[in-house]
Each structure stands twice: as C-alpha cells, then as structure tokens.
Amino acid sequence: MKNKLNLFLILGLILSACQSSENLSPLASEQREYAVEECHKDTCAKLDLSYVYYTGDSEVDSMVNFRIDQIMTNFVSFEEPAESLALAVDHFFQEFNSYIQDFEHGVGWFHEIMAHEDYQSDQVLTVTVRGTSFLGGAHPNSFPRILNFNRQTGDLISNDDLVLNQEALLAKVEEKFRDYHDVAKEVSLNEDGRFFLKDDKFFFLPANMGFCEDGFCLVYSSYEIGPYVLGETSLVLTWDELDGLVRTVFEK
C-alpha cells in the first residue's frame, strides 16, 4: 500500500511539472502580411495588414487570434461591423468604387494596420493593434488598441482587473505626463489649456495600457486627452516603478 501511495505521489509530481512546463512555454507566432490595392486612373484604395498570428493549436492561440482578427475587422468595417475580415475588406473596396464613380477627381483611401506582440510571460500576453486610415477629410486618423491576455486562459484582462492601486498609478502617470509635455509643477493641467480633462479638471488614465519590454506602457491616443495636433502621448513606467500598482499574476 505504501509503495502504491509513493507511486501516486511521484506521478502527481511529474504531471504537475509537465503542466508548469507547458504554462512557461511561450506561444509560437509568425508575422503575416496582406496587401491589396485597386486604382481608378491615378486614384487608389489600398489596404495593408501586418499582424502577429499564433501558430499553435491550443485554445489560447485560437482565442488570441480571434481577438486580433476582430479588432482588425472592426477597424476596416464602415458603419456596421462585418461578420469577417474578408467581408470588411470587400466592403471597403465596394465603398471606394462607389465613391470614385461619384467623385471623378476624388482622393485616395487607405487602411494600414499593424498588430505586434509587445510582451509575453507565463502570466500575461500583450499585443498592440495600431491602425491608421484615410477616407478623405483633413488628415488621416489613427488608433492604438492594447490587448492584455491571461496567458493561461486566453481571456482578455480588463483595465479594472489590471490596476491594483488606481490612485497611486494615476499620480505616477500624471508625473510622467507632465514631464512629457513640459508642464511646470506649479501649473495645473487645466491652467495649461492644452488638454482634455475629465469634467474639465481631473486627470485620468488612458484607455490603452499594458505590459511592454521596458515595463508598463500607457498610450493616450489622438483626441483622447488633447486635440489632434497634440498627437499621441506614449508613457512608460519601468518595472521598478510598478511595485504594487498593477497586477502581474493572474488566476487560471
């Protein structure tokens, strides 16, 4: 009986070690490219995609790939989200063809989307999808979308689940923000006059934040906290600055 018990214990330890090893193994990926262009005389519509694709057959690989595809589909879609990226691309060119027939001397259109892996550990995977488009108007529009995944389940991690101490994180990010935009300590962000603040007076965390090689990256997109001319504001908290501010361990 004792020998059987020891055998079960040994098998349990081996199984546990295999599971831990599986969790620690990085997801394999490749960068995929897709480009297509249609022209009417000298006026063209162009779509350029470059995106990370996870090549494993696990549920986590599938869930991450699905989310990336979903973000790209929504970006390329017009008024209503398409059922697939292929349909969104077809609709994009159909809309361009209709537009160019109505406006013989119209301007070219384009969508450019880049999705790349920023960070991966046995706990979290962070992917940034960045899109830029021009469909007429004064200037191109762009957006970043930072996706944080639970590495063990493939579930998206919300910002609320990511942040452990919002007040302390907000103070640290505001300090970085002031340095980035050269705002003196004695001047409030409201007095500076360049920024869009919550209720016209309160600083806030961006919609896009997540892990990166240097620590924790936060991106305020165009129009999020300032006019278009202000551009994006990209900030980084180093790993040493993150202690107790954001969650780094997630439940399976």
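## Opening question

In which loop is the place of Ser221? Ser221 lies in the loop between β7 (215-220) and β8 (233-238). The model described here is predicted, so local features need pLDDT of at least 70, side-chain atom pairs count only at pLDDT 80 or more, and totals for chains, interfaces and linings use all residues. Residues are numbered from 1 along each chain as its sequence is written, and side-chain values use heavy atoms, with hydrogens and water left out.

## Overall architecture

The protein has 6 helices and 8 strands. Helices (H or I, at least four residues) and strands (E, at least two) are DSSP runs, numbered from the N terminus. Read from the N terminus on, the order of elements is α-β-β-α-α-β-β-β-α-α-α-β-β-β.

The radius of gyration of the protein is 23 Å, whereas a compact globule of 252 residues would have a value near 18 Å. This radius is taken over C-alpha atoms, and the globule rule is 2.2 Å times the number of residues to the power 0.38. Along the principal axes, the C-alpha atoms fill a box of roughly 85 × 55 × 25 Å.

## Surface, contacts and charge

Of the 252 residues in the protein, 37% are buried. Buried means under 20% relative accessible area, exposed means over 50%, and partly exposed lies in between (1.4 Å probe, protein chains only). The protein exposes about 14,900 Å², and carbon and sulfur atoms supply 50% of this area. Accessible areas come from the Shrake-Rupley method with a 1.4 Å probe; for residues, only the protein chains shown count as cover.

A contact means heavy atoms within 4.5 Å. Among contacts between residues at least 6 apart in sequence, 56% join residues at least 24 apart. The protein carries 18 positive and 43 negative charges, and their mean positions are 8 Å apart. Lys and Arg count as positive and Asp and Glu as negative, while His and the chain ends are not counted. The place of a charge is NZ of Lys, CZ of Arg, CG of Asp or CD of Glu.

## The annotated region

An unreviewed UniProt entry lists residues 165-240 as "domain: DUF3298". UniProt positions are given in the numbering used here, feature names are shortened, and annotations may be inferred rather than shown by experiment. Over residues 165-240 the chain is 25% helix and 22% strand, and the end C-alpha atoms are 15 Å apart.

Ser221 counts as buried because its relative accessibility is 15%. Leaving aside neighbours within four places in sequence, Ser221 is in contact with Pro144 and Glu232.

Ser158 is located in the loop between β5 (141-150) and α4 (159-162). With a relative accessible area of 34%, Ser158 is partly exposed. Ser158 and Asn148 are 10 residues apart along the chain, and their C-alpha atoms are separated by 7.6 Å.

## Positive phi values

Most residues other than glycine have a negative phi. Asp182, in the loop between α5 (166-180) and α6 (189-192), has a positive phi near 55°. Asp182 is exposed, because its relative accessible area is 69%.

Asp200, found in the loop between α6 and β6 (208-212), has a positive phi of about 65°. At 59% relative accessibility, Asp200 is exposed.

## A residue in strand β1

Val36 belongs to strand β1 (residues 29-40) and is partly exposed, at 26% relative accessibility. Beyond its neighbours within four places in sequence, Val36 is in contact with Ala45, Lys46, Leu47 and Phe93. Val36 and Val89 are 53 residues apart in sequence, and their C-alpha atoms are 9.4 Å apart in space.
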